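Here is a short report to read alongside the model. Keep the viewer open as you go.

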Amino acid sequence: MPLAPDRKRQLTTAALVAPAGLWLFVFLVLPFMAMVVFAFGERAPEGGYQAAFTFAQFANLPSRAAAFWNTLMIAPIGAFLCLIVAYPVAYYLAIKSNPKYRLVLVSLVVVPFWTSLLVRTYAWMYILGSRGIPNLLGMIGIEDVRLLNTPGAVLLGIVYGYLPLMIMPIYVSLEKLDRRLLEASADLGAKPVSTFFGVTLPLSLPGVMTGVALVTILLLGEYLIPQLLGGGKVFFIGNALVDLFLQSRNWPFGSAIAVTLVVVVVIVLSVAMRIAWKVSGSRQVDLV
Amino acid sequence: MRALVTFVYLFLYAPIALVVLFSFNAGRSASEFTGFSTMWYGKALGNTFLITALQNSLMIAFTSAVLAAIFGTMAALGMQRLSSRGRAIFDGLFAAAIVVPGVVIGIATLVALVEVFSFLNPALASIWPGDKPPQLGLGYGSIIAAHGLFSLALVTMIVKARIASLGRDIVEASSDLYATPFTTFRQIVLPQILPSVLAGFLLAFTFSFDDFIVAFFVAGSKTTLPIYVFASIRRGVTPEINAIATMVLVASLLLILIARVLMQDKTTKTQTGE
């Protein structure tokens with residue numbers, strides 16, 4: 001008996017989404033559940049995990065308060081610094097630049113984001129390291145400047161690494177802006193400064209919000225930048241996690257921290273989305 | 001304002017340029033350029049650990065990106081036919097795959113796989129007919145699985161956006177002209193979404209090729225190129241790392257440029273209403 005068209009359509013749909021659904025279930029949902037189970041377990045004497053049901057791991061979280069504190073302080077500051085640098089660039093690209101070269105200029109901003117963060121951070125180890133800028137300063141008589149392994153170095157690395165991700169959403173929202181509004185504002189006698197604060201900035205807020213949220217969220221899980229430019233002195237949650245899993249092998253405690261990190265990410269994300277929806281309905285970002 | 005923007009571009013590219021410059025340094029120094037030489041490239045390419053890591057990275061990136069491109073495109077096509085509830089579940093899971101930090105994805109995959117293997121390996125040994133039962137463990141498979149997760153979400157997002165911008169009318173016209181659904185797909189839909197599938201593939205490849213943190217957790221005893229570079233950086237900064245870094249940069253630059261051209265093609269077509 002041939003299949004009814006309805007049934008056939010359903011089967012095709014199921015076959016189309018099944019591989020992705022299976023992948024998501026086996027490598028996202030299940031691992032996440034395993035991690036939550038681990039977080040309530042105990043550390044086995046030889047390291048790893050031992051089945052139990054205890055809140056001890058979560059109760060122990062304050063022992064890694066420094067990592068949480070650093071992350072929750074430096075990530076928003078880094079995102080804010082990114083914003084300060086990114087906004088003028090996005091504004092220039094969207095409104096002031098010659099349309100003929102706009103595409104090339106935008107590409108030049110996006111491209112570094114897709115190249116290895118490891119290599120780009122390495123570049124700054126090079127520049128800030130003792131044989132880089134401090135060496136040059138030494139030649140003109142300023143001795144003993146330490147740049148690497150400071151919070152400043154980490155912030156610099158953050159701005160460098162995440163600038164493209166901040167510029168893009170702001171650029172997109174500014175580019176969509178109706179130029180006639182700017183003309184109308186000028187025709188009605190507004191000074192450029194009041195046009196900017198009264199029209200341009202409010203209309204680009206969705207892009208600003210998206211950029212700040214994206215960068216903050218990615219920074220919450222950052223490992224490489226604090227590892228390479230903070231040198232163990234400025235460490236994030238990510239660094240604590242690597243230490244717990246790959247060095248001291250305290251998996252249950254590490255799982256508890258990872259679960260907490262996800263909770264923090266979800267909170268930040270939902271707050272950001274609530275604000276973004278208030279600002280405007282749009283949350284489309286073009287990352288590429 | 002122009003000056004500021006120029007400065008930002010310099011800020012973005014000068015450090016990269018410096019890495020490239022010193023990869024051609026004849027001396028060992030990282031601050032003094034003592035002469036032009038390609039010896040560090042020779043040294044890097046003669047390093048068997050490095051070449052193995054590179055081969056591993058290429059294989060993992062290719063496999064995970066191919067799987068993500070196929071399954072992601074299928075999912076993007078299938079999702080528009082799901083009920084709104086089913087679509088919301090998939091959207092949520094894909095968003096989670098993108099938003100959850102790589103370090104957490106790595107950890108979750110690690111703990112889950114280690115548990116599964118500790119259960120499967122004895123079971124496998126008890127039913128294995130020969131003397132040496134295979135030992136399941138972390139390695140290529142686990143990296144591909146973890147990279148594929150993010151890549152799958154990436155491809156689905158890109159292809160879905162492309163499908164949403166496709167006109168329904170052309171598909172309807174095709175079926176009005178008695179094309180079977182498959183013919184319509186092959187002749188109408190596929191050619192139009194193919195550039196975004198390819199772009200998704202290239203971005204997925206680049207992501208996997210550049211990823212350090214996820215692979216760091218689930219690689220087991222295997223080494224990928226970023227893991228190798230990370231380990232060498234900890235041993236000290238040398239022009240050899242610069243040479244490797246330069247090659248990595250050139251490779252990912254090429255891929256991202258091709259991906260952008262493919263995506264741009266899409267936007268110009270949409271804008272002209274083609």
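## Ground rules

This is a predicted model, in which local features need pLDDT of at least 70 and side-chain atom pairs count only at pLDDT 80 or more, while totals for chains, interfaces and linings use all residues. Residues are numbered from 1 along each chain as its sequence is written, and chains are lettered from A and ligands numbered from 1 in the order in which they are written.

## Chain A overall

Chain A has 12 helices and 2 strands; helices (H or I, at least four residues) and strands (E, at least two) are DSSP runs, numbered from the N terminus. Starting at the N terminus, the order is α-β-β-α-α-α-α-α-α-α-α-α-α-α.

The radius of gyration of chain A is 24 Å, whereas a compact globule of 288 residues would come near 19 Å. That radius is taken over C-alpha atoms, and the globule rule is 2.2 Å times the number of residues to the power 0.38. Along the principal axes, the C-alpha atoms of chain A fill a box of roughly 85 × 75 × 30 Å.

## Two domains in chain B

Chain B is assigned domain 1 (1-37) and domain 2 (49-271), with bounds from an automatic or database domain assignment. The centres of these two domains of chain B, taken over C-alpha atoms, lie 32 Å apart. Contact joins 8 residues of domain 1 of chain B to 8 residues of domain 2 of chain B; two residues are in contact if their C-beta atoms, placed from the backbone, lie within 7 Å.

## Helix H6 of chain B

Helix H6 (residues 140-165) of chain B has 26 residues and spans 37 Å from its first C-alpha to its last, close to the expected 38 Å. The expected span is 1.5 Å times one less than the number of residues.

H6(B) is largely enclosed by the rest of the structure, because 19 of its 26 residues are buried. A residue is buried if 20 or more other C-beta atoms lie within 10 Å of its own, exposed if 12 or fewer, and partly exposed in between, with C-beta atoms placed from the backbone.

## Where the chains meet

Between the chains, 65 residues of chain B are in contact with 60 residues of chain A.

## A closer look at A:Gly230

A:Gly230 sits in helix H10 (residues 224-230) of chain A and is buried, with 22 other C-beta atoms within 10 Å. Leaving aside residues up to four places away in sequence, A:Gly230 touches A:Asn149, A:Ala153, A:Val154 and A:Phe235.
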